[in-house]
Amino acid sequence: MRTPLIAANWKMNKTTEETRDFIIQFSPMVKDINNVEILIAPPFTSLAVAAKYLKGTGIKLGAQNVFYERSGAYTGEISPSMLKDCGCDYVIVGHSERRQYFHETDAIINKKLSAAQEVGLSVILCVGESLEQREEGKTFDVLKTQVSRGIEGAQPAMLVIAYEPVWAIGTGRTATPEQIQEAHGFIRNMLRETFKERADEIRILYGGSVNAENAHTILNIEDVDGALVGGASLKPDSFIKIIKAKGAMK
Ligand code: PGA
């Protein structure tokens, strides 16, 4: 049985002070929730303060990106062991915003995944088609390529997949339950082909405009093991409602 994972992707939001205030307000809200794993991924600059205030809360800490080299002359980059050192358990790789704005390829993303798992970080690998790709009927080709190239050499015990249709991210437009189940089922089958029975350890999250109103429907879909939440994770009140939408069902 997979423990559901509800992850907050704060993107480029919140100062250190705002991070501290969020955690002080939010952590008492989740103290009785033990059937859902909760993760917060703040910007790099807030990792240390988040680690300090998350201590003892059971809430996990993650980063939104990582570089694949161990150390050296890579100005502006952050290594996997630096994230471990900051208290991270998780790192998100291959987010569509990184693919789109920073030209990350499946090969780069796979290198990041391997380097992160090597130091014991669990990886949330994001995949998903653009609107154009969906309209051209290429959704499953895109997922096949992104998943197969992304997971090459991956360790299933430290792997989470997030299906995030690009057209649903930050748009207020979510995929329908049928579209979500179809994509998640497809990814689950691919994982079974690669990892056999160990595929059952891998959680598949949905991401893209998840909010307090639609969380119950989305999190109730058969092959959905949790959510990667952007905008609605920035306020404790809306994030807790999403977590409770999953927690309440178990
Ligand atoms: P959103 O972002 O919830 O704001 O759509 C999700 C994501 O990009 O991970």
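**View A. Residue classes in the lining of the largest pocket.** In this predicted model, seven nonpolar residues contribute to the lining of the largest pocket, together with four polar and three charged ones. The pocket holds about 400 Å³ of space. Its lining counts 14 residues, and those closest to the centre are Lys 11, Met 12, Gln 64, Arg 98 and Phe 102. Helix 4, residues 96-101, supplies the largest share of the lining, with three residues.

**View B. Arg 98 over the ring of Phe 102.** Arg 98 lies over the face of Phe 102. The distance to the ring centre is 4.1 Å. Both residues are among those closest to the centre of the largest pocket.

**View C. The aromatic pair Trp 10 and Phe 22.** The structure holds seven aromatic pairs. Trp 10 and Phe 22 have ring centres 4.8 Å apart and planes at 70 degrees; over 60 degrees counts as edge-to-face, so this pair is edge-to-face. Trp 10 sits in the loop between strand 1 (5-9) and helix 1 (16-26), while Phe 22 belongs to helix 1, so the pair ties together parts twelve residues apart in sequence. Trp 10 and Phe 22 are both buried.

**View D. The ring cluster around Trp 10 and Phe 22.** Ring pairs join Trp 10 and Phe 22 with Phe 26 and Phe 239 in a cluster.

**View E. Lys 14 over the ring of Trp 10.** Lys 14 lies over the face of Trp 10, at 5.1 Å from the ring centre. Trp 10 is buried and is also part of the ring cluster with Phe 22, Phe 26 and Phe 239.

Terms used:
Residues numbered from 1 in each chain as written. Predicted model: local features only at pLDDT ≥ 70, side-chain atom pairs only at ≥ 80, totals over all residues. Heavy atoms only, no water. 1 Å grid on protein atoms, 1.4 Å probe; cavity = no way out; pocket = protein on both sides within 12 Å on 5 of 7 lines; lining within 4 Å. Points joined across faces, edges and corners; volume = space filled by probe spheres on them. Helix = DSSP H or I, 4+ residues; strand = E, 2+ residues; numbered from the N terminus. Nonpolar A, V, L, I, M, F, W, Y, C, P; charged D, E, K, R; others polar. Phe/Tyr/Trp six-rings, centres within 6.5 Å; stacked < 30°, edge-to-face > 60°. Buried < 20%, exposed > 50% of the residue type's maximum accessible area, 1.4 Å probe, protein only. Lys NZ or Arg CZ within 6 Å of the ring centre and 35° of its normal.
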